[in-house]
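Subject: Structure handover

Hello,

Here is the structure I said I would pass on. My notes on what turned up in it follow below.

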Amino acid sequence: MAGGDRERWDARHRAVEQAGPAAGPMPPDALRGREHLVPGGGRALDVACGRGSVAVWLAARGFTVDAVDVSEVALAGGADLAERRGVGDRVRWWAHDLDAGLPAACTGPYDAVVCQRFRDPALYPVLAGLLAPSGLLVLTVLSEVDDAPGVFRARPGELADAFGGLSVLDHRERDGEANLVARAAEVRR
Ligand SMILES: C[S@@+](CC[C@H](N)C(=O)[O-])C[C@H]1O[C@@H](n2cnc3c(N)ncnc32)[C@H](O)[C@@H]1O
């Protein structure tokens, strides 16, 4: 991560915190209305979890969650939300720069892996490889589709190409966003 980026993220999260009460637990955007696709529990990973609204939602559904983000400010907000919702013991918060890959302790296998509004194509094979048999992958990234090209945006078809080895349940690209919901095979090869 480039120098100063961590501080910039901390400042952004602090500004959101000061602007009003934390968002409550929320399902990942790509799953809204289709929450039934999420397994009934197990282990989950939330990559670039921000202030933890998805991680806490997963914990409230019975998962034990590894939640990773570079911002200590964001993680403190997530830990506070988890405590207030009575699931503080079900989330492990990892302050970690994902440019170096995932924390060594986040080895999986995971029954659900979520990554929302953070894009690092180098992590795509890692995330797919961490899924348990039948594990669910839920991704949302910024996209060039219906928007301008940019280094932080997925090119058209990027998610479908990267995760073609999984069973793709839903893939949408529009309005500058790409969403993918996919499931690992019942038996991992
Ligand atoms: C747009 S926010 C999305 C947060 C959350 N997933 C959500 O949907 O609300 C992007 C998150 O990625 C984190 N982040 C950015 N670069 C990172 C890095 N190199 N390693 C770990 N986290 C990073 C930021 O702190 C921020 O919380």
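What is the volume of the largest pocket? The answer is about 1100 Å³. Please keep in mind that this is a predicted model.

The pocket

A total of 36 residues line the largest pocket, and Trp9, Ala48, Gln116, Arg117 and Phe118 are the closest to its centre. Sorted by class, the lining of this pocket consists of 19 nonpolar, 6 polar and 11 charged residues. At least two lining residues come from each of helix H1 (5-19), helix H2 (53-60) and strand S5 (131-142). Of the elements, H1 contributes the most to the lining of the largest pocket, namely 5 residues.

The ligand

Where is the ligand? The space it takes is the largest pocket. There are 16 residues around the ligand, and those that come nearest are His13, Ala48, Asp69, Leu98 and Gln116. The shell around the ligand is made up of 7 nonpolar, 5 polar and 4 charged residues.

- Asp97: an N or O atom in its side chain is 2.8 Å from a nitrogen atom of the ligand.
- Val70: here a backbone N or O atom lies 3.1 Å from a nitrogen atom of the ligand.
- Asp99: an N or O atom in its side chain is 3.4 Å from a nitrogen atom of the ligand.

How much of the ligand does the protein bury? Taken alone, the ligand exposes 590 Å², and 85% of that is buried by the protein.

The cavity

Apart from the pocket, I also looked at cavities. How many cavities of 30 Å³ or more does a search of the whole structure find? The search finds 1. The volume of the largest cavity is about 40 Å³. Its lining is formed by Cys115, Phe118, Arg119, Asp120, Leu123, Tyr124, Leu127 and Leu139. By class, 6 of the residues lining the largest cavity are nonpolar and 2 are charged, with no polar ones.

Regards

Definitions and conventions: Residues are numbered from 1 along each chain as its sequence is written. This is a predicted model: local features need pLDDT of at least 70, side-chain atom pairs count only at pLDDT 80 or more; totals for chains, interfaces and linings use all residues. Side-chain values use heavy atoms; hydrogens and water are left out. A residue is near a molecule or strand if one of its heavy atoms lies within 4 Å of it. A polar contact is a pair of N or O atoms within 3.5 Å; within protein, one must be able to donate a hydrogen and the other to accept it, and residues adjacent in sequence count only if both atoms are side-chain atoms. Accessible areas come from the Shrake-Rupley method with a 1.4 Å probe; for residues, only the protein chains shown count as cover. On a 1 Å grid over the protein atoms alone, a cavity is a set of points where a 1.4 Å probe fits but cannot get out, and a pocket is an open set with protein on both sides within 12 Å along at least five of seven lines; lining residues have an atom within 4 Å of a point. A molecule sits in a cavity or pocket if more than half of its atoms lie within 2 Å of its grid points. Ala, Val, Leu, Ile, Met, Phe, Trp, Tyr, Cys and Pro count as nonpolar, Asp, Glu, Lys and Arg as charged, and the others, Gly among them, as polar. Grid points are joined across faces, edges and corners, and a volume is the space filled by probe spheres set on the points. Helices (H or I, at least four residues) and strands (E, at least two) are DSSP runs, numbered from the N terminus.
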